[in-house]
Amino acid sequence: MHIDKLARIDLNLLVILQVLLEEQSVTRAASRLNVSQSAVSKSLNRLRDTLDDPLFQRTAHGLKPTAHAEILSQQLPNLLQSLYQLTQPPAFLPSDSQRRFSFAMVESAYETLFPLFIGPLLKQAPQLKLDSYVWNQNSLQDLQLGQIDFGITGRDIHPQADKQFDQLPEGIEQQSLFQDRQVCLVRDDHPILDKVQNQQWQIADYLDLYHVQVRCEGKDWWAMDYYLAEQNLTRKISVTLPDFYGAASLCAHTDLIFTLPSSFAKHAMKLYPLSLIELPFEFIPMEYVLLWHERNNAEPGHKWIRDIISNRIDENL
């Protein structure tokens with residue numbers, strides 16, 4: 001290591017470079033850093049001299065990173081996270097901590113899991129700041145880049161439906177929280193309930209109904225669709241929505257049927273006049289998983305939060 005050369009580098013410039021890589025705009029970077037555009041431009045010129053690379057090219061759509069800057073964008077988040085952790089105290093005291101943590105969670109977790117641990121977490125650490133986002137197709141990358149601390153999402157235990165969980169990005173850790181099963185919801189006076197009560201509810205009836213589907217991570221297919229496709233079967237999906245509550249509400253006011261995790265179905269039935277129906281065939285379970293980056297495996301604050309989440313869910317589910 002060339003300590004003498006490192007001593008001549010202003011490490012603040014690396015923070016500015018990370019923000020420029022994220023915003024790809026001097027104006028937005030200046031606003032985010034609460035400095036003038038001139039100051040950001042001067043820092044960018046210093047970065048170019050230090051790294052001997054133009055780093056960005058100006059285009060009609062903002063700054064475009066050079067090939068070297070693209071490589072740096074993969075290395076900087078971990079480096080800055082490590083530098084940040086060096087500035088943190090060696091121990092984490094929940095009662096005194098004012099740290100900020102961020103979560104990305106699937107919508108169903110906000111109703112079924114979040115209430116289980118958020119109360120105990122804030123009771124022990126009342127000064128924590130928590131940012132929460134909806135889990136989407138970019139959340140795994142956000143975890144890898146250090147832009148969020150924790151992810152909670154669902155995975156269908158199916159070899160084709162969850163390949164991303166068999167091949168997680170480098171450095172991403174996971175822990176199973178609990179397993180759930182898929183059930184159906186229909187409005188309380190739905191005609192199909194007669195067949196269910198008379199024990200005549202079969203897979204042919206399920207396929208004959210029109211379905212409402214929730215799109216997760218931008219995908220229209222999930223494990224149910226793969227399972228049926230393997231048997232040359234398919235559902236009649238009439239409506240695809242981005243959220244569970246919207247699907248439950250639509251289901252309550254139409255003849256559509258909604259297939260979803262049982263834990264969320266129980267909450268939806270408290271809000272809408274819906275009846276729960278078991279699937280008319282055996283189907284694989286799903287599970288909720290907690291995700292984080294391995295760089296935080298031993299970090300006291302992250303470990304404390306992971307323990308709170310897993311312990312509270314174990315106690316209640």
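**Aromatic contacts across the chain**

The chain has 15 helices and 12 strands. The model is a predicted one. Along the principal axes, its C-alpha atoms fill a box of roughly 80 × 50 × 35 Å. Of the contacts with a separation of 6 or more, 75% are between residues 24 or more positions apart. Buried residues make up 45% of the 317 residues.

F92 lies in the loop between α5 (67–86) and β3 (100–105), while W304 belongs to helix α15 (residues 300–316), so the pair links parts of the chain 212 residues apart.

Both partners fall below the 20% limit for burial: F92 is buried because its relative accessible area is 13%, and W304 is buried because its value is 15%. The two residues are also members of one aromatic cluster, together with F101, F103, Y110, F114, F117 and F150.

The charged end of R306 sits over the ring of W292, 4.5 Å from the ring centre. For K236, the charged end is over the ring of Y210, at 5.2 Å from the centre.

Finally, some totals for the chain. Its accessible surface is about 16900 Å², with 50% belonging to carbon and sulfur atoms. The chain carries 28 positive and 39 negative charges, and their mean positions are 7 Å apart.

Technical notes:
Residues are numbered from 1 along each chain as its sequence is written. This is a predicted model: local features need pLDDT of at least 70, side-chain atom pairs count only at pLDDT 80 or more; totals for chains, interfaces and linings use all residues. Side-chain values use heavy atoms; hydrogens and water are left out. Helices (H or I, at least four residues) and strands (E, at least two) are DSSP runs, numbered from the N terminus. Buried means under 20% relative accessible area, exposed over 50%, partly exposed in between (1.4 Å probe, protein chains only). Rings of Phe, Tyr and Trp (its six-membered ring) pair if their centres lie within 6.5 Å; planes under 30 degrees apart count as stacked, over 60 as edge-to-face and the rest as tilted. A charge sits over a ring if NZ of Lys or CZ of Arg is within 6 Å of the ring centre and within 35 degrees of the ring normal. Contact means heavy atoms within 4.5 Å. Accessible areas come from the Shrake-Rupley method with a 1.4 Å probe; for residues, only the protein chains shown count as cover. Lys and Arg count as positive and Asp and Glu as negative; His and the chain ends are not counted. The place of a charge is taken as NZ of Lys, CZ of Arg, CG of Asp or CD of Glu.
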